[in-house]
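Morning, everyone. Please have a look at the chain on the screen, and then I'll walk you through a few spots.

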Amino acid sequence: MVQDQDRSRLQNEIRSFYYYVRMNIWTVGLLVFAVLFAYGFAMTHYTLSIDEEVALELGSQYSWSGQGRFGITLLKDIFNFWNTNSVTSTLLAVTLLSISGLVWGYSFHTTRSYRDDQRMDAAGLIAVLLFVTFPVHAENVGFSMMSFELGIGWVAAALAVLFTFRWAVRQAGWGYFYSGLLLAALATSVYQAFLPAFVMGLIIHMILYLMKQDQQKKAMGYKQFLHMVIRNAAAAGGSLIIYKAADYTIQWFVPASGYIENFMAWGKEDPSVIIHRLITYFTSLFTGKVIYGSFLLLPSILASAALLIYYIWRLISGRNEGNAGLLAVCLTAFILMPFVLYILLGTVVPIRGNFVWSLLVASVWIMVYSIIRLPFLHRIILTLAAFAVFHQSNAVAQLFYGDYNRYQEDVSLARQISSKVNNLNLGEVPQEPVVYVGSHIQAEHHGIKKQEVLGYSFFEWDGGSQLRIQDFMHALGYSFNVPTEEQKAEGTALAANLPVWPEEGAVAKMHDLIIVHLSASPDWTGIRLMDNPPKETLQAAADIPFGSDNVTYSKDLNGEKGLTTSWSS
């Protein structure tokens, strides 16, 4: 009987979503336009980005499960998606991201309105468009090696929140709970950052639900509120237990790489350095120096704080009819949630690893829109949101355009290196292994925007990595023999006697090695994990230049402005 009721509810849910989409066809139309604006270039131009050369080289041997992301392995096996390309992956990833945006919009709408109210949802329009175009997605969509699976993860996370919250407020039975539990575990197994996003989604729904009751002058009792919180917490904790149990089982067969754990800084660095670094990072984050095109982040935080202050004022002024106190508690959790991961780890999490920001920016303006009753203010919010969506979409498009230009410059450099090797007259495929020494920095200019991974060259990442460069060359069809560790060390020592690229003689045959001397003192650009920090890190960590304004430059041998200091975490 219970199963039949849940099945009937699910059928009604699907019909309700269908009617919501039909009644909000303008949202769908504008979403298509925004998606084509933001991601259209990436969906039509092939590129290869950092780490994708490794996945391309290893194929199904790439160890996603060793990073605790066994969901990616599972999905790649199911959909036979080990070998792909940036165009196909981006198309699928953006389609799934858009679907998840519609699910979020529907879920927000039915939480703050009556279930059968499917009228044009202006607030939902704001949320969907701001969510899908938020520039942080560019990093993940740009990873064609996993972007399709991340798209599935976003859909799973949105559905998990929808099902779980229905169950938490007793609008659905245990079937919804189990479905939400498994979907949240699946999303977490794809990328661990989906768990905080799942929790953030539940917090947002609690706020919207309490605001609806507050506007109807219905007060939720503390016991009822606690029961709702416990149910949501049980779902989040249960999904984590399922994920960890599966991950622990898989580690019996696929040893953990320690990649995630190595981001932990507490106990490895001076606490004062960690705190100073986080404060510096947050300052750069809020001023738009970390996420290109994220000017809406600071206003969203301020709007969240204003809502919190309003409900606290209502609470202490004795105007607590409704749920002012409970809303103040939830809004506090809402504001703090994006910072939890940073504080727990004590290090700067890559922006592609914190999905919570896009949900915060998308949802806070629904809250502001809902609390305001004046129509002309609604129109102002919609106008400002339209400007923000345009700004964000343009920023995403610029990031992808810049990364495409970076790729073309990398291809050009690879061709030049191959030509120099061919000029050594050692045959079509030389027997001598090729040793790459140093790095080649690509200048950031109007055609290349550098953010975390996007825009960075294969020849500069990790300070010029032999493995990364040779895999990239191989991906382009330049298959040279690979040196041993001893030959790499010997080649590095011999390179000191050679001129630096692009001078004549920078590519030479010495001691049965082909040496490509890219630079004398490579600068580091890449992700540093905390298990083996450089000796200068503890001294200088607090002064890491997160924004492009802090990047220093020097002239390279071409006379161009070249990047000499960069840090991406």
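Where is the place of Asn80? Asn80 sits in the loop between α4 (70-79) and α5 (86-112). Helices here are DSSP runs of H or I with at least four residues, strands are runs of E with at least two, and both are numbered from the N terminus.

Before I go on, the ground rules. This is a predicted model, where local features need pLDDT of at least 70, side-chain atom pairs count only at pLDDT 80 or more, and totals for chains, interfaces and linings use all residues. Residues are numbered from 1 along each chain as its sequence is written, and side-chain values use heavy atoms, with hydrogens and water left out.

Back to Asn80. Its phi is positive, near 50°, and it is not a glycine. Asn80 counts as exposed because its relative accessibility is 64%. The cut-offs: exposed is over 50% relative accessible area, buried is under 20%, partly exposed is in between, with a 1.4 Å probe and protein chains only.

Next, Asn425. This one lies in the loop between α16 and β1. Asn425 is exposed, at 69% relative accessible area.

Now helix α17, residues 466-475. Seven of its ten residues are buried, so the helix is largely enclosed by the rest of the structure. Among them are Arg468, Asp471 and Phe472. What covers them? The cover includes α3 (52-58), α16 (375-422), β1 (434-437) and α18 (485-495). After α17 comes Gly477, with a positive phi near 100°.

Last stop, Pro502. It is in the loop between α18 and β2 (507-510). The peptide bond from Trp501 to Pro502 is cis, omega near 15°.

Key. Contact means heavy atoms within 4.5 Å.
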